[in-house]
Amino acid sequence: MDHLKIASDNYVAFTFFIGTMAMMAASVFFFFELNNTNQKWRTSVLVSGLITFIAAVHYYYMRGYNLETNESPTFFRYVDWILTVPLMCVEFYLITKKAGAKIALLWKLIFASLVMLVTGYFGETIYRDSSVIWGVISGAAYFYIVYLIWFGEVAKLSQNAGSNVAAATRILAWFVLVGWAIYPLGYILGTPGGLFGIQLVADAAKASHYMDIVYNIADAINKIGFGLVIYSLSRKED
Ligand SMILES: *C/C=C(C)/C=C/C=C(C)/C=C/C1=C(C)CCCC1(C)C
């Protein structure tokens, strides 16, 4: 088989490639830093590394898949998210635990994120024609997560966990509100009539390319950025 080249105007393949490298580098960084991380933050930094590592493996696969087929690797995208988003919920649980977070809070966050992702997957694949309604349900679950983190239990607990944890939770809350909001934009671009029936990109192949670029940028910001916030919290409190 010919060696597959990334054409210089193939931004989709390019962002998959850069995404793979960035996730790999971030994982090596988090894992190697574990040794000089204070005991009480080690699990949190380890989870940051697991998030980027799981993404690195998926990105490596998605990069090849996209290069060979020129299609969107939707299935592996969602497998990645279903593993990594609950781990981000674990991060919120771990940093608020010493202020008394209960395991029930973790399950609430995980349950909401599974609803958000499974309904999003339905809208992108099996029930593409009704992507609007699935997107709306997914969005409702997303807003519930935003609520818990900004105003609900996570917010309240982080206030009692000391100023460093409170400040870090604030930054992570912005990631969830702004960084995670990039994903529905990708969904709107990539699905037929994703914006309440309005078709933003008429050409289906183009639409899915835009969607992948948006998702790839969002993943880099949210997975690596999120991990670095946890990492810097671990340095402030050692
Ligand atoms: C590392 C991966 C992350 C942080 C993925 C997050 C994904 C989302 C916040 C997806 C949200 C969606 C909606 C809110 C509505 C449309 C469907 C989704 C699944 C794209």
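## Report on selected features of the structure

N70 is partly exposed, with a relative accessible area of 43% (buried means under 20% relative accessible area, exposed over 50% and partly exposed in between, with a 1.4 Å probe and protein chains only). The model is a predicted one, in which local features need a pLDDT of at least 70, side-chain atom pairs count only at pLDDT 80 or more, and totals for chains, interfaces and linings use all residues. Residues are numbered from 1 along each chain as its sequence is written, and side-chain values use heavy atoms, with hydrogens and water left out.

**Helix α2 and the loop after it**

The residue N70 belongs to the loop between α2 and α3 (helices are DSSP runs of H or I with at least four residues, numbered from the N terminus). Its position is just after α2. The phi angle of N70 is near 60 degrees, a positive value in a residue other than glycine. Most residues other than glycine have a negative phi.

Helix α2 itself covers residues 39-69, which makes 31 residues. From its first C-alpha to its last, α2 reaches 45 Å. What caps the N-terminal end of α2? The cap is N38, which has a side-chain oxygen 2.9 Å from the backbone nitrogen of K40.

In helix α9 one finds N216. This residue has 4% relative accessibility and therefore counts as buried. The side chain of N216 is joined to the side chain of Y59 by a polar contact of 3.1 Å (a pair of N or O atoms within 3.5 Å; within protein, one must be able to donate a hydrogen and the other to accept it, and residues adjacent in sequence count only if both atoms are side-chain atoms).

Helix α4 contains A104. A104 and Y93 stand 11 residues apart along the chain, and their C-alpha atoms are separated by 9.8 Å.

**Aromatic residues**

The structure holds 22 aromatic pairs (rings of Phe, Tyr and Trp, with its six-membered ring, whose centres lie within 6.5 Å; planes under 30 degrees apart count as stacked, over 60 as edge-to-face and the rest as tilted). In one of these pairs, the rings of Y147 and F151 have their centres 6.5 Å apart and their planes at 40 degrees, so the pair is tilted.

A second pair, formed by F175 and F226, is edge-to-face, at 6.4 Å centre to centre and with 75 degrees between the planes. Which parts of the chain does the pair of F175 and F226 tie together? F175 lies in helix α7 (residues 163-179) and F226 in helix α9 (residues 204-236), so the pair ties together parts that are 51 residues apart in sequence. Both F175 and F226 are buried.

A group of aromatic residues also forms one cluster: Y61, Y65, F75, F76, Y78, W81, Y121, Y183 and Y215.

**Accessibility of some residues**

The table sets out values for further residues named above.

| Residue | Relative accessible area | Class |
|---|---|---|
| Y147 | 44% | partly exposed |
| F151 | 55% | exposed |
| A104 | 46% | partly exposed |

Within the tilted pair, Y147 is thus partly exposed, whereas F151 is exposed.

Methods: Helix = DSSP H or I, 4+ residues; strand = E, 2+ residues; numbered from the N terminus. Expected span 1.5 Å × (residues − 1).
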